[in-house]
Amino acid sequence: MHELGIATFLLEAVVEQARQVGAHRVLAINLVVGERAGVVDDALQFSFDLLAPSTLAEGARINTRRTPMRFHCAGCDSDYRPREGDFRCPDCGTFGQLADDGSALVIESIEVET
Amino acid sequence: MSQQIKIVKNLLAGNDQVAERNRARFVAAGVLAINLIAAPGAGKTSLIVKTLATLRGRARVGVIEGDIAGSIDTEKVLAAGASDAVQINTGGNCHLEAGMVQQALDDFELDQLDIVFIENVGNLVCPTHWALGEQIRLCLPSAAEGHDKPIKYPEVFAVSDVIVLNKIDLIELVDFERDAFYPAARALNPAAPIFEVSCRTGDGILDFGLPGQGAG
């Protein structure tokens, strides 16, 4: 349950950004979250809603876009998404190398009312 | 009027900034800091205790113990020869954050130390995002947890600098298959050295604790 810690930093960053542009209110926050980051959307929104009251971001909706885990197969010279519980290349059966930003935790944009 | 503002910023940039300051303090004091991440019961404290024994008289070791509650581990590492130890009780938080380590560092005389082990809260998911200022991130799976840990917890393997597989004395008892563990771990992280140890029997500890001087 690291969402509370993540929400704390998210709120701080978003409010600072909103203040810089002179916004009255933050309506939405758009995140990019890697598949491996282990972030649960509902838990993040829940944590955020606990912290946000009486800030510019009170009531803001969090939208997340997932980036999938990908591997690169040197033999096939192609990227693939692993199947459930198996990191091998689906075409040739060898193990590829991790090739992604699956751990991303990025604030892409915010929607504000000015 | 509503308006979209592009940001594209690491969500945990606030934590990373504090981590950088911690790192600068470690570097200035000539201290090697190691962030130890593992599941509860994998042997984090045992690895520190065993390593302390091999480093006795060679290096002054400080330990930052992250736990949800209690100070049992701090007492253990001090009894085992740690020069100094600080307990951080996270009060339910599942990971350490750079700010917690920053506070703990105020209780240390870093100049009097060579190595600092930061024992994270027992958890294989949450600590992976939080840089603490360490130079080395060490992940400690154990054979007893099963060979599927890289598949189930890929992130911690992907972001670690060193992987130490503990409880190898139990490998046959718990049907741990190296042929399943190693290829998956290597797919996630081709570079990190992987040490096999048993903190119970002491096997492999010399190789881990004193690279280049061990039995192998």
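In this predicted model, helices α2 (residues 44-55) and α3 (residues 72-79) of chain B pack with their axes 9 Å apart, at an angle of about 15°. Since angles under 35 degrees count as roughly parallel, that makes α2(B) roughly parallel to α3(B). The pair crosses in a right-handed sense. On the α2(B) side, the residues doing the touching are B:Thr45, B:Ile48, B:Val49 and B:Leu52, and they meet B:Asp73, B:Lys76 and B:Val77 of α3(B). Sorted by type, the residues of this contact come out as 4 nonpolar, 1 polar and 2 charged.

Chain B has another helix pair to look at. The axes of α1 (residues 13-28) and α4 (residues 98-105), both of chain B, come within 8 Å and cross at roughly 30°. That angle makes α1(B) roughly parallel to α4(B). Here the crossing is left-handed. From α1(B), the contact draws on B:Asn15, B:Val18, B:Ala19, B:Arg21, B:Asn22, B:Arg25 and B:Phe26, while α4(B) brings in B:Ala98, B:Gly99, B:Val101, B:Gln102 and B:Leu105. The residues where α1(B) and α4(B) touch split into 6 nonpolar, 4 polar and 2 charged.

Over in chain A, helix α1 (residues 3-20) packs on helix α2 (residues 41-51) at an angle of about 55°, and their axes lie 8 Å apart. The two helices, α1(A) and α2(A), are therefore oblique to each other. Their crossing is right-handed. A:Glu3, A:Leu4, A:Ile6, A:Ala7, A:Thr8, A:Leu10 and A:Leu11 are the α1(A) residues involved, and across from them sit A:Ala43, A:Leu44, A:Ser47, A:Phe48 and A:Leu51 of α2(A). By type, the contact of α1(A) with α2(A) holds 9 nonpolar residues, 2 polar ones and 1 charged.

Then there is the interface between the chains. Chain B puts 32 residues into the contact and chain A puts in 35 residues. Between them the two chains bury about 2,900 Å², with 66% of that on carbon and sulfur atoms. Three residues stand out on the chain B side: B:Ile5, B:Ile7 and B:Leu11 supply 23% of the area that chain B buries against chain A, more than any other three residues.

As for confidence, the predictor gives the complex an ipTM of 0.89, alongside a pTM of 0.92. Chain B has a mean pLDDT of 92, and 96% of its residues reach 70 or more.

Definitions and conventions. Residues numbered from 1 in each chain as written. Chains lettered and ligands numbered in written order. Predicted model: local features only at pLDDT ≥ 70, side-chain atom pairs only at ≥ 80, totals over all residues. Heavy atoms only, no water. Axes fitted to C-alpha atoms, helices over the stretch in contact; angles between N-to-C directions. Helix = DSSP H or I, 4+ residues; strand = E, 2+ residues; numbered from the N terminus. Parallel < 35°, antiparallel > 145°, perpendicular 65-115°, else oblique. Left-handed = near helix turned anticlockwise from the far one by under 90°. Contact = heavy atoms within 4.5 Å. Nonpolar A, V, L, I, M, F, W, Y, C, P; charged D, E, K, R; others polar. pLDDT = per-residue confidence, 0-100. Buried area = accessible area lost by both parts, 1.4 Å probe.
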